[in-house]
Amino acid sequence: MKNSTKYYPSEMTGRGMKEKCLILRLCSVAPVLILAHGVCDAMPGMDMPGNESAKAIPPISKSMGEPLNSAGADFEISYSADGKTAIFTSTRPGSVESSGTPYNFDIWMSHYENGAWQEPVHLGPEVDPAVGPNINTSAWELEPSFSDDGNVIYFTRYEPGNLSTGDLYVTQKVDGVWQPARNWNEVPELPHINTPTGEEHCPIIASDSLIYFSYQQPGVTQDSDIWKVEKKDGVWQKPQSLGPRINSPYRDHLHWTGLSKDGKSIIVTSTRPDLGSRGGHDEWIAYQNPKGEWQEPLNLGDTINTAGEDMCWSFTPDGEKFTGGWGQPGTYDLDLRWVNKDDIPLLKNFKPIGPPPNLLASSRTKQKNIR
């Protein structure tokens, strides 16, 4: 059983996870955990470097414990602005079965009450629309985030079995009721960046006129590259790559709160094997030079990165904690973990932007005025 330590909004406590390598097999029945030194096969569209002999132990991070962690994979966590609601990706029992793949990625939500995180709620067909949206399907739903006002959830939907097929989606709460999810390309306020073949992994919405996102397009990008899209004179422009310094021939992507308030530094998840990589997915930081050009990322170091998979880390709303997924090399059996931001030297002066803005708020205001 996994560590039962819980994360508290004002304080995090916990005991380190026991050294282990877990092989995850998720079917329509409850997941089975097998203690072994092997690794599971990488999923299509998200190839992972294998390293069977590595002993990846998170050095100072701590498990977020049950009930946020489960027997399944748990990762990609983000929070409401008040820090009292968490939303994350999980393959725990109760997730919708995805045909043709043993993995069932869905979005779950938990509330912090009476000094502890409560049992997560599946955002599927049985959910009360006053509590949360019905967004989970037999497809894969990942990378969720609340807007800063809590009235929007952004997320990504993929074809089962292929994490290179993502489209960005959004669901909005109207008069206290969550509405059906819509593809970004169907929403006038959002840029049309979804493509038939591209991958639009969770973006960083810097403002109502600047969005950074991860893009995978055959013949255009190397693997998954980081791009930006800007709005000028009320019109979203053509997306642009952040360039060869920040984008490597390997997988480079982002997670919701990984931009500094001044917009001059950004957190990157990357599988690049050079520039001090610890192996697998690592967390990195990149800076702009005085000309506004993004430079090569710096590895965040051994206080956060391991030879395993350190993926999709984001900040708590107060900017004091860094939380994300960790797993043994070559596997997606991830656990949710946390670390104090100031314990990572390169993050001591990093002030994150917080939850993304609600880009649909203006249309909601217009609707109210019309009534």
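A residue counts as buried when its relative accessible area is under 20%. The model discussed here is a predicted one. E143 has a relative accessible area of 2% and is therefore buried. This residue lies in strand 9, which covers residues 140–146, and its phi is near 55 degrees, a positive value in a residue other than glycine.

E76, located in strand 4, likewise has a positive phi, near 55 degrees, without being glycine. With 2% relative accessibility, E76 is also classed as buried.

## Nonpolar cores

The largest nonpolar core comprises 19 residues, and Y154, V170 and W184 have the most contacts inside it. At least two residues of this core come from each of strand 10 (152–158), strand 11 (167–174), strand 15 (210–215) and strand 16 (225–232). Strand 15 provides the largest share, three residues.

Leaving aside residues up to four places away in sequence, W184 touches residues including Y154, L168, V170, P203 and I211. Another core, of 13 residues, lies apart from this one; L259, V268, A286 and W294 are among its members.

Four strands form an open sheet in the order 19-20-21-22, with antiparallel pairing. Strand 19 (252–253) and strand 22 (298–299) each have a single partner strand, so one side of each has no neighbour in the sheet. Strand 19 is joined by two bridges to strand 20, residues 265–270; H253 has T269 as its bridge partner there.

## A cis peptide bond

E66 and P67 are joined by a cis peptide bond, with omega about 5 degrees. P67 belongs to the loop between strand 3 (62–63) and strand 4 (74–79).

Technical notes
Residues numbered from 1 in each chain as written. Predicted model: local features only at pLDDT ≥ 70, side-chain atom pairs only at ≥ 80, totals over all residues. Heavy atoms only, no water. Core = buried A, V, L, I, M, F, W, Y, C linked by side-chain atoms within 4.5 Å. Buried < 20%, exposed > 50% of the residue type's maximum accessible area, 1.4 Å probe, protein only. Contact = heavy atoms within 4.5 Å. Pairing = 2+ DSSP bridges.
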